[in-house]
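Q: Please take a close look at one part of this structure and then set it in its wider surroundings.
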Amino acid sequence: MTERKFVKPLKPKVDVNRVNTRILPVEFEYFEPRTVKEVVELLSKYGSEARILAGGTDLIVRMKQRFIEPKYIVNIKKVKELNFIEDRGDHLAIGAATKLREIEKSGIVRKRFVALYEAVRSMAGVQIRNMATIGGNLCNASPAADTAPPLLVFEAKLKIVGPDGEKLVPISEFFLGPGKTVLKHDEVLAEIWIPYQPEGTGSAFIKIARVAMDLAKVNVAVALRTEEGVVKSVKIALGAVAPTPIRAYKTEEFLTGKELSEATLEKAAEIVKTEVKPITDIRSTAEYRREVSGVIVKDALLKAYERISGR
Amino acid sequence: MGKIIRFRLNGRPVSIYVENNELLLNVLREKLGVMSPKYGCGIGECGACTVLLDGEPVLSCLTLAVEVDGKDVVTAEGLAKDSELDVVQRAFIEEGAIQCGYCIPGFILVAKKLLEENPEPDEDFIREYIRGNLCRCTGYVNIVRAIKRAAEELKFHVGKNKQV
Amino acid sequence: MASSSLKQEGFRYIGKRTPRKDGVAKVSGQMRYTYDIYLPGMLYGRILKSPYPHAKIKNIDVSEAEKMGAVVITFKDVPKKKFNIRLVSADRVNYKDWEVLTDHPKYVGDYVAAVAAETEELAQKAVEAIKIEWEVFEPLLDPFESMKDGRPKIHNKILFGSKEITVKNNVACRLDYSEGDVEKAFKEADVVIERTFKTNRRYHMQLEPKVTVAKPEPDGGITVWTTTQTIHNTRILISQVFDIPMSKVNVKKLPIGGSFGSSIQTNLVTLVAVALALKAGRPVKIALSREEDMYEHSSYQMYFRLKVAARKDGTILAGELENTMDIGGHQIQAYPLLGCLLGWFVSLYKWKNIKYKGIAVYTNKVPACAFRGYGNPQITWAVESVIDELAEALGIDPIELRLKNYVGRGDLFWGQGPTVKSVVKSDGVPELLKKGAELIGWYNRPQPGEQKGRFRRGIGLGRGFHTSGAGGRISGEVIDFTGCILKINEDGSVDYITALQDHGGGSLDAHAKIIAEELGVPLEKINIIWADTQTTVYDVCTHASRGTYVGGEAARRAAREVKKKLLEYAVRLLGDVVNPEALNIKPDEELGQGVIYVEGMPDKKITVGEVAREAWQRNWGSVAAVVSYRATNSPPAYTVYFVEVEVDTETGRLRPVRVVAGADVGTVINPDLAAGQLHGGFAQGWGMAVLEDTPYDPETGELMCRGFITDYKIMTAQDLPKVDDFTVIFASTHEPTGPFGAKGLGEAALNPVAGAVANAIYNAIGVRLYELPITPEKILKALKERGLK
């Protein structure tokens, strides 16, 4: 008889016997509030056992996978105040429950926030974009969330409503870690305010993934403003290279006031690589993510530069 | 816990009791006998369960049945008019776009919407639009051809109608 | 159809585009797959699987599940038998290490118990209520680690035929072979190249996960609807495992939502559903979820050491191959595959001196099974890579080197392994290489490594083949038997009844055309019956690209027999016709059926339907035939792929720019569906080359993707070349042994793709990678390491 080595049973990361994606193996009470006030009341009442159903493309998947088992589901699809795209003069406001497809179809987004348009277009397939919402994409707080980098470079603000009223949080302060945001259990993300960028701003989004319908290995957005070839202002944000989507502040600082020469871009790419803290997972390696972060920042800067009006 | 929902299914009103945690896909198949939406992955990656909800392609495997109360649902069964196949359905047959066929109802619904949105799609548009539907048999070539063909035929018909 | 529509070959239906017979049902959502079967009183089954990669059950408690009203079975309730779930090989060479349910699971997902309940929700709860106390062992996830001394035994005693054998060092089986003297050849050669290769472990990702519905019958029998490539072997296995007479086991043939080899074997879920139904006394349906399905089957992962030698003039002198296969937790067809892999290898090129060492090793991973090409895509990738290297070393054009050495017309061919030999009779390789080279611009391709820019393009060639079926001259170890029934109805319509499964590629449409062509009956009058095991004669399985070549020939023979009867009866009915040779049959559009007529005498005619009706009304007999058929050849369907890729050297990303796919399938029966095989073959091959793999979590032994296709990607429409950039060409050949000159295609359409892609990448960037998939990560790393970025 061969010697048998006993190992301490390692807990499987997914329980094959509890997962069942053919059904929704979780029972819950279901609510369809019509106002944000009702949403907040429900969340206050049921606390951490309640979850918001916006698009469902993440929540229901995670329930099928048994990562979460909420007892109360608050469907916000019918809350009109959360579902709109509105030009408010100095900023564009988007309701958190607005479908990605609506955002992609918006002329203003396409014209004024190209990076956001490109990010949304890069996401999933048509069916998912007909279901998934921008608020859902942010609140899931995936490090790879595609809408996060554009909103970071446009310095969007998030209107959060809770029992004590509403507040505006800069998106740079919203994410705390994978799956974690500043939202409390009784708070709901209501609106995304995206400030219109000064005249002469160009933006771009680039995503590297395994196939055309995929989560990002790395994604990047830039918003760039130049005067006579010199960088007046630049914002760079990356996803899937740290526990949250990040801004590349050092790279931004380096670029500001410089001409976008090849040498400058090369140097910028090198700095970006020091700012990211990627990991290796099934989608890619840390090494690759770091290397490619630099490349796509360069590419996105050039793309944004080409888009600056008048060019 | 659940409720009675009322909605239109392929043009006909239905009302049925569903549990809160029942998925539209399973209700269509098991309670209403509408079999064309298929389970392929259950997590929104393959498109086999696509239905048109108020005219928009969505995934029935991630849609709670309670949510479709008051809405309009169309599946591949509902496309033929007076037992005459839809132009998209015909094009799929004519271009040899079908192999095992399991994914095909989903593709056809998405193609329907694609052509409604853009009657003259170029190939990039088509390929991007159908990327949420996976096919393991065809390599998509004849599917893309079928959608192009359907677009041509629709154009021809529209043109003819205008002349009349 | 008027005669103007006849093709130049003179065929009415063969080679013409015709709408597939199941098209309307498929586009209108009315086609019923196994997943669509719901029976009155049916219970829903759910399987309890091992969460550990290697463990034993110390204690199992199902009482809570039973309290919920669920019917529960565990390893204690199933027949204590070991068997192999695949029955394509002769029983004497079948390794048997499977049980219906086990107390000794060998991989995460291995089945240990099952429940059936009124709803799937309840079944799910019942499964979760079963309590198990486990003893867990160190998982072995690498075959080389698994073979070392002192490692846990994945299997101990298994059966080989009916003999019990003991597994040593987790080696499942071996096969060695040699011919000539490779060592001597290596010494005498001008160039010797030796390389090691590692392939990926791919998942079939057929769109329909495995499903079975089992219904117990009052006579103690059972009726089964299941996703299978072989209804008869499924029936035999159920009969053997549960001791039910075969006549009482009826397996229905249904459309299947893709398979690609994953149901050549009877998937274990079928047996579990049967066991549950027998215990419950009610119909039971088990539909696997996608994540369960991914824990059910994968491709064979192979490690090759390949050494080849050639003379300066390009004559290949020797080929030596070591093949180590990671087969996972069970044997499905490891032993026959060791033989086939050798067969693929020796039938690619004339090595002259051959040495082969094959070894199949158990690991605590999902059991590997056939996946379109059955090892051929793996070895063809390795061989085509090395042939390109050889060409470069010799300074000979890769096309020329291939033409000089490939196994072609007149050569001995044993693609299906050492027990299945025949001589090649049709060969379109030179034609395909010449045409393909022109279309892709082969002679203008760059020199490897000469490009400097960020985006570099390269053109690669891959050449290969697959057999058409597994037939041969002598009775070997592989079963390749088929048969069918053909009946003429009194209205002139035709019932075609066969057990042969069509996975969607259109084999049965090809059969219908063959029958219509042979009989002279309109194609739309040939009805393909969805039959079952009780109403069909034996067919082994739709595998080995045999559907059209083997099944089509059986159909043709049946049509000939029927035609003979029709003409004989027609002679009697027409009165003064001298003999059947004076008669012809052709489809008559007006009458909507076949008409038997005398050339030049328009009044001397009778419809096929009238003959059938008169024959039984006058008590002469039915116009029908039952045919059984065993092919004595399994000729190679040759394929060549020319692929142009673009490499982004900054990100390592790849784009398939253009494809020229050439196939020698003999006579093309369904042109659009045949092209579809090449389109689909390329998509799968491109995925194999650059994307797909199922790595394991080294800590928990789970799939890294946990069974979710979020992290098992396949190519989407947006990842593949445009319609106009994908050219399909067919060779103008005729296979004398095939029906109307036809050969197989399905697997050949995939086999050379990865090789062509690997060669194209090398041509673009001057870097060759020996591990699949060739991902952007690997490309970028290699470019950096070599300072080529």
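In which loop of chain C is Phe740(C) found?

A: Phe740(C) is found in the loop between β30 (726–730) and α17 of chain C, where helices (H or I, at least four residues) and strands (E, at least two) are DSSP runs numbered from the N terminus. This is a predicted model, in which local features need pLDDT of at least 70 and side-chain atom pairs count only at pLDDT 80 or more, while totals for chains, interfaces and linings use all residues. Residues are numbered from 1 along each chain as its sequence is written, and chains are lettered from A and ligands numbered from 1 in the order in which they are written.

The backbone of Phe740(C) has a phi near 55°, a positive value in a residue other than glycine. Phe740(C) is also buried, with 24 other C-beta atoms within 10 Å; C-beta atoms are placed from the backbone, and the cut-offs are 20 or more such neighbours for buried and 12 or fewer for exposed, with partly exposed in between.

The peptide bond from Leu772(C) to Pro773(C) is cis, with omega near -5°.

A positive phi is also found in chain B, where that of Asn10(B), likewise a residue other than glycine, is near 50°. Asn10(B) sits in the loop between β1 (2–9) and β2 (12–19) of chain B, and Asn10(B) counts as buried, with 20 C-beta neighbours inside 10 Å.

Chain C as a whole contains 18 helices and 30 strands. Its C-alpha atoms fill a box of roughly 85 × 75 × 50 Å along the principal axes, and 63% of its 789 residues are buried. Of the contacts in chain C (C-beta atoms within 7 Å) between residues at least 6 apart in sequence, 80% join residues at least 24 apart.

Two helix pairs of chain C may be described next. Helix α6 (residues 231–242) of chain C packs against helix α7 (residues 268–280) of chain C at an angle of about 50°, with the axes 11 Å apart; axes are lines fitted to C-alpha atoms over the stretch in contact, and angles run from 0 to 180 degrees between N-to-C directions. Thr234(C), Ile238(C), Val241(C) and Phe242(C) of α6(C) meet Thr270(C), Leu271(C), Val274(C) and Leu278(C) of α7(C). By class, this contact has six nonpolar, two polar and no charged residues, with Ala, Val, Leu, Ile, Met, Phe, Trp, Tyr, Cys and Pro taken as nonpolar, Asp, Glu, Lys and Arg as charged, and the others, Gly among them, as polar.

In the second pair, the axes of helix α14 (residues 547–574) of chain C and helix α15 (residues 608–617) of chain C come within 10 Å and cross at roughly 80°. Here Leu566(C), Tyr569(C), Ala570(C) and Leu573(C) of α14(C) touch Val608(C), Val611(C), Glu614(C) and Ala615(C) of α15(C). Seven of the residues in this contact are nonpolar, none is polar and one is charged.

Chain C also meets chain B, in a contact that takes 46 residues from chain C and 47 residues from chain B. On the side of chain C that touches chain B, α16(C) gives the most, with seven residues. The residues of that side divide into 21 nonpolar, 16 polar and nine charged.

How values were computed:
Two residues are in contact if their C-beta atoms, placed from the backbone, lie within 7 Å.
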